[in-house]
Amino acid sequence: MTQPTPIRRASRHRPRLLDTALSLAAHGIPPLPLRAGKVPFGNCPDCTGNACGGRPNMKSAGPCQCPGVCHAWAAATTDPRTLTSTPWVAAWRQAAALAYHPGGAGVTVVDLDNAAAMEWARATLPGTRTVPTTRGEHWIYQGVMRSMNHVRPGVDVKSSMAYVRWRGPGGGTMTALPDVVRALAVKEPPAARPAPRSISLPARSGAGQCPHRTPVFLDRGIAMAEQRIIAARSAIHATVYRSFLAVLSTHGRCGCLTDTHVDRLFTAAQAKGETARHCTDAWNNARTTLGL
Ligand SMILES: [Zn+2]
Ligand SMILES: [Zn+2]
C-alpha cells in the first residue's frame, strides 16, 4: 500500500506570520520576524559587524539598503513590498515568532517579567493597554522614549531602537506615556558617568600580564566563549550572558582583557542576532554580578 504524498502547504501558501505582520503594518506597527530562539535573524555577510555602515534609522545612521532582515529592529518596516519581498518571505517561512519595533509604532512597552514587577506596576503606573506574556505583562503607552533594560528588577523599557515580541493586541485603552515611565530611563549626570553606554573593561591591576595564566589561556577562553555563542541554537540571550560571565569570572580582575577580546565576543553575539545594546547590557550585567 502506498502512502499518500503529503501536500506541501507551507511552501505554497503565505507564511502564517506574514499575514499577521501585514495586518500590523497596515496599523502603522513595523513588524520583523524572529528566528528560533525568539531572536532576530543574524546579519547577512555584507552586513556582518556593521560593515555596511548600518541602517539609516540606526543611532549612527548608515547607508545600508540591504534587502534582507539584517540589523534586527532597524529592519522592521511597515512597507508591504518589503515585507512580502523574496528575502523577507524566506525569513517569514523560517520564523519562530513575530516582533515589532515599538518606537517605530510610536509606543513604549514596559516589559514586566514576573509577578513582583506586575505588582510594582499596578501600584505605580497609570493604567493603559496591557498584553499578557508568558510570565508577565506588557504595558503599552502612547509615546516614544529611549529604551533601557533592567530599569528595576524584572522591568525593561522598550521603545526606540528595540524590538518586542508581538503577543497580540491585548486589552484596555492606551494612555499617554507618563513621566513616571520616562523617569525610569533617565541617565545619571554625565559628570558621574562619562560614557554611560560604553562597555567597561576591568581595571588594569595586573600590569597587562595575566597574573595566573598565559596569554594562550586567555585566547582559548575567548575562543571557547565565541564557539559557545555561535553554536547556540536557542536561548541566545542567556548563552551570551553566561559566556561573558565565564570570561569575566576568569579574567575580569587580572586586567588582560582588551577591546579586541571584547570585540570578538560582541561580534559573535551580533552574528547570532544580538543587538549591540544587548551585548553591552549583558557585559555590564555580568560585571555587576561579579562585583567588578
Ligand atoms: Zn544585510
Ligand atoms: Zn546592512
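## A walk through the predicted chain

Leaving out neighbours within four places in sequence, Tyr-100 is in contact with Ile-29, Pro-30, Pro-31, Leu-32, Val-107, Val-109, Ile-140, Ala-162, Tyr-163, Val-164, Arg-165 and Trp-166, where contact means heavy atoms within 4.5 Å. This is a predicted model, in which local features need pLDDT of at least 70 and side-chain atom pairs count only at pLDDT 80 or more, while totals for chains, interfaces and linings use all residues. Residues are numbered from 1 along each chain as its sequence is written, chains are lettered from A and ligands numbered from 1 in the order in which they are written, and side-chain values use heavy atoms, with hydrogens and water left out.

Let us stay with Tyr-100 for a moment. Its place is in strand 3 (residues 97-100); helices (H or I, at least four residues) and strands (E, at least two) are DSSP runs, numbered from the N terminus. Tyr-100 counts as buried because its relative accessibility is 4%; buried means under 20% relative accessible area, exposed over 50%, and partly exposed in between, using a 1.4 Å probe and protein chains only. Ala-75 is 25 residues from Tyr-100 in sequence, and their C-alpha atoms are 9.9 Å apart in space.

From here we can turn to His-138, found in strand 6 (residues 137-142). With a relative accessible area of 5%, His-138 is buried too. Not counting residues up to four places away in sequence, His-138 touches Val-109, Val-110, Asp-111, Arg-129, Thr-130, Val-131, Thr-133, Val-164, Arg-165 and Arg-167.

His-71 lies in the loop between strand 2 (39-40) and helix 3 (80-83), and its phi is near 75°, a positive value in a residue other than glycine. His-71 counts as buried, because its relative accessibility is 5%. His-150, in strand 7, has a positive phi as well, near 55°.

Strand 7 (residues 148-152) runs antiparallel to strand 8 (residues 155-158), and 2 bridges join them; two strands pair if DSSP finds at least two bridges between them. Met-148 stands opposite Val-157 in strand 8. The two strands form a hairpin with 2 residues between them, and Gly-154 in the turn has a positive phi of about 75°.

For a contrast in accessibility, go to Ala-26 in helix 2 (residues 16-26). Ala-26 is exposed, with a relative accessible area of 68%. Thr-78 is 52 residues away from Ala-26 in sequence, with 7.0 Å between their C-alpha atoms.

Now for a pair of helices. Two packed helices are described by the angle between their axes and the distance between the axes. Helix 8 (residues 236-251) and helix 10 (residues 276-290) pack at about 45°, with axes 9 Å apart; the axes are lines fitted to C-alpha atoms, for helices over the stretch in contact, and angles run from 0 to 180 degrees between N-to-C directions. Helix 8 and helix 10 are therefore oblique to each other, since angles under 35 degrees count as roughly parallel, over 145 as roughly antiparallel, 65 to 115 as roughly perpendicular and the rest as oblique.

Stepping back, the chain has 10 helices and 10 strands. Of its 292 residues, 45% count as buried.
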